[in-house]
Amino acid sequence: ISASYRTIQEGVYRHIENCLPRWQIAEQGQYVPGWQLPQYIRLKDGGQIDFISGEGREDARRKIQAAEIDLAIIDEEVDGSIFAELQARRLVREGRVIVAATLIRSESWCLELEDRAETGDKYVQVFRLSTYRAAERGHVSKASVKEMEAALSQEDIDVRLKGLSRRHEGLVYAEFGKPHIVEPFPIPEKWTRYCALDPGYRTFAVLWIAVGPGNKYVVYRELYYHGAKCIDV
């Protein structure tokens, strides 16, 4: 299972083509429309490898329903509903899950697994792959790493080069801190005011912003709703 069919085609499927003997294959499914990879490979011993894109979330989750899974490999982050379905599908065979991802979005289920590993849960293990170490071993160019490093923020360096997760706090404005917080004061009537809405059912966020002299923006009110309909907000 991967974030898209592109990462499957250019990743695990290319390796399978090179290492899986043709005489072990009993049948291949139809090719995925628009891609050079089959929907599944059925082996002569009865096993089957399915290739599933995480795009379309609910459609992807349905493809896993009723499956009995020995091993699930997740390449890059997928929606949490897909991971939850996998958890149920691996119970019968006590299947394992391998997740290989750069945690750009840091989906909550990925962070929960990371937290379990760091608190000593024997059922979860975390391995971090450092681009710096790869450069030291000669797998990637040190010059390219330096060039990439110069164009990244410290947060992106931690995620993309050091293999750390991106925690949601400070995800957008990592530089936000106490210097940006001011004591409450009456907003002058002549200041232009905006109300910004970010609608969603899981989270509906609203900000009220006033524009002061010198284009100073002041956020003076906020709402943060979970599970509320638009009309209620």
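**View 1. Glu94 in its loop.** Glu94 is found in the loop between helix H4 (80-89) and strand E5 (96-100); helices (H or I, at least four residues) and strands (E, at least two) are DSSP runs, numbered from the N terminus. This is a predicted model, where local features need pLDDT of at least 70, side-chain atom pairs count only at pLDDT 80 or more, and totals for chains, interfaces and linings use all residues. Residues are numbered from 1 along each chain as its sequence is written, and side-chain values use heavy atoms, with hydrogens and water left out. Glu94 isn't a glycine, yet its phi is positive, at about 50°. Its relative accessible area is 71%, so Glu94 counts as exposed (buried means under 20%, exposed over 50%, partly exposed in between, with a 1.4 Å probe and protein chains only).

**View 2. Ser106, another non-glycine with positive phi.** Here we're in the loop between E5 and helix H5 (108-118), where Ser106 lies. Its phi is about 50°. With a relative accessible area of 0%, Ser106 is buried.

**View 3. A nonpolar surface patch.** Leu71, Ile73 and Ile98 make up this patch, and together they have about 260 Å² of accessible area. To join a patch, residues need over 30% relative accessible area and no salt bridge; like charges are joined within 9 Å, and nonpolar side chains (Val, Leu, Ile, Met, Phe, Trp, Tyr) within 5 Å. A salt bridge here is a side-chain nitrogen of Lys or Arg within 4 Å of a carboxyl oxygen of Asp or Glu. Areas come from the Shrake-Rupley method with a 1.4 Å probe, and for residues only the protein chains shown count as cover. Ile73 sits in strand E4 (residues 71-75) and is partly exposed, at 41% relative accessible area.

**View 4. The open E1-E2-E3 sheet.** Its 3 strands pair antiparallel; a pair takes at least two bridges found by DSSP. Strand E1 (25-28) and strand E3 (48-50) are the edge strands, each pairing on one side only. The twist averages 15° from one strand to the next, using axes fitted as lines to C-alpha atoms (for helices, over the stretch in contact) and angles from 0 to 180 degrees between N-to-C directions. E1 pairs with strand E2 (residues 40-43) over 3 bridges, and Gln28 stands opposite Ile41 in E2.

**View 5. The open E6-E7-E8 sheet.** This one also has 3 strands with antiparallel pairing. Strand E6 (192-198) and strand E8 (216-225) stand at the edges with a single partner strand each, so one side of each has no neighbour in the sheet. The twist averages 20° from one strand to the next. E6 and strand E7 (residues 204-212) are joined by 7 bridges, with Leu207 in E7 as the bridge partner of Ala196.
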